Amino acid sequence: MRCRTREGGRGFHTEDRGPLRRDHAAPMPYERDNIMWLAPYTPGEQPTGRAIKLNTNENPYPPSDAVMEAIRNVSAEQLRRYPVPDARPFREAAAKVHGVTREHIIATNGGDELLRLAISVFCDVGQGGAGGGVGVCEPSYSLYPVLAAIHDTPVTAVELDGDFALPADTASQWNDAGCRLGMIVNPHAPSGRLQPLDTLRTIAEEFRGVLLIDEAYVDFAPHDALGLVREGLDNVLLLRTLSKGYSLAGLRFGYGLGHPDLIAALDKARDSYNTDALSQAAAVAAIQHREAAATTWRRVIAERERLAVALRRLGFGVLPSASNFLLVTPPTTPTPLTAGLDAESLYRSLKSRDILVRWFDQPRLWERLRITVGTVEQDEALLGALGESIEG
Ligand SMILES: *Cc1c(COP(=O)(O)O)cnc(C)c1O
């Protein structure tokens, strides 16, 4: 039996009361076990230099003029005071754009805060291996299992089909495991595949928990799942973010769209002032000037198709994408004799040329690269470097 004694504020040491010798005793940390064992989320690299960044799915075009003007117009008085606690002006503007009421919307500090909130509100937390956890698909956004681990709630992962389609029994697998929350990213990350609305509706109807459809990339897709919310399904929650479509990843503003009862539950558990005055001002301008952002979506979509064709010409396998990135497989299968062409080597070779793409050290993704669609100039630099890397 060991007990922890504080030593002068910060440090601590352990006192042995059993057979363990003191000098062998590991210091006992203050955090819970699940935090001690946690492997934290690995964000994509954010270099300060002038590298070509095609690794974290940012929009290559700047935010709209209206957004920058709104930020410049924030007054000293607005900063002196606390912000509007529930971001009502934003929720009203967004409700108008989406054809719902403000009671269908909660504003969050980035979409990631909505994910965290959903777990703390809908799941049994601190349960370790017991039921009541999160259902996810594999592979998918690697933040989901990390957030579940922070809350010490179990994760049930459904393996996606070969071409990253959702298996028909997704909801029943989650139900069997007692999941209270399911998370599906659509368009899928990191493949870009768009699941049909009917598939999502069936899962929502069969699943006994809350279905969170993560629509972080929906602005680049031909359809969204807003219809499920408008139809009145009471367990569907959509995640939206200004980070990708609206070129505002640095702002940290996202929102949830769902049945008013779900939104009211989430609203009870958020921080009192979870979105700040500057981000609210910018977010209102962004959503009111959605058409300016939509101009960049059309450019990204056109460039996505051009880049896919060019990569296929270089011999890459390219999956169809409804997003602002492509998941690609390099042209030759690596053998001991053709070293340097596998996805990881290619990632490193590009990095040495100041071009960042994403390589995931994960099953089913080892052989692939995820490439964010950039401007024509950025993508041309990428294609040039890829051509050289492959020729050696
Ligand atoms: C970017 C992203 C989000 C939300 O990101 P925020 O910057 O926190 O709004 C959510 N899910 C996926 C899959 C994403 O890629």
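Glutamate 58 is partly exposed, with a relative accessibility of 26%; that label covers the range between buried, under 20% relative accessible area, and exposed, over 50%, using a 1.4 Å probe and protein chains only. Its partner is lysine 53, and the two form a salt bridge whose closest N and O atoms are 2.9 Å apart. Here a salt bridge means a side-chain nitrogen of Lys or Arg within 4 Å of a carboxyl oxygen of Asp or Glu.

Before going further, please keep in mind that this is a predicted model, in which local features need pLDDT of at least 70 and side-chain atom pairs count only at pLDDT 80 or more, while totals for chains, interfaces and linings use all residues. Residues are numbered from 1 along each chain as its sequence is written, and side-chain values use heavy atoms, leaving out hydrogens and water.

Aspartate 163 forms a salt bridge with arginine 193, with 3.3 Å between the closest N and O atoms. Aspartate 163 is in the loop between strand 6 (155–159) and helix 7 (170–176), and arginine 193 is in the loop between strand 7 (181–185) and helix 8 (197–206), so this pair ties together parts 30 residues apart in sequence. Helices (H or I, at least four residues) and strands (E, at least two) are DSSP runs, numbered from the N terminus. Aspartate 163 is partly exposed at 44% relative accessibility, and arginine 193 is partly exposed at 27%.

Another salt bridge joins lysine 351 to glutamate 45, where the closest N and O atoms are 2.6 Å apart. This pair links distant parts of the chain, 306 residues apart: lysine 351 belongs to helix 13 (residues 343–352), and glutamate 45 to the loop between helix 1 (33–36) and strand 3 (52–53). In the whole structure, a search finds 23 salt bridges.

Now turn to the ligand. Around the ligand you will find residues including Gly110, Asp112, Tyr141, Asp214, Thr241, Lys244 and Arg252, each with a heavy atom within 4 Å of it. The protein covers 93% of the 380 Å² of accessible area that the ligand has on its own, as computed by the Shrake-Rupley method with a 1.4 Å probe.
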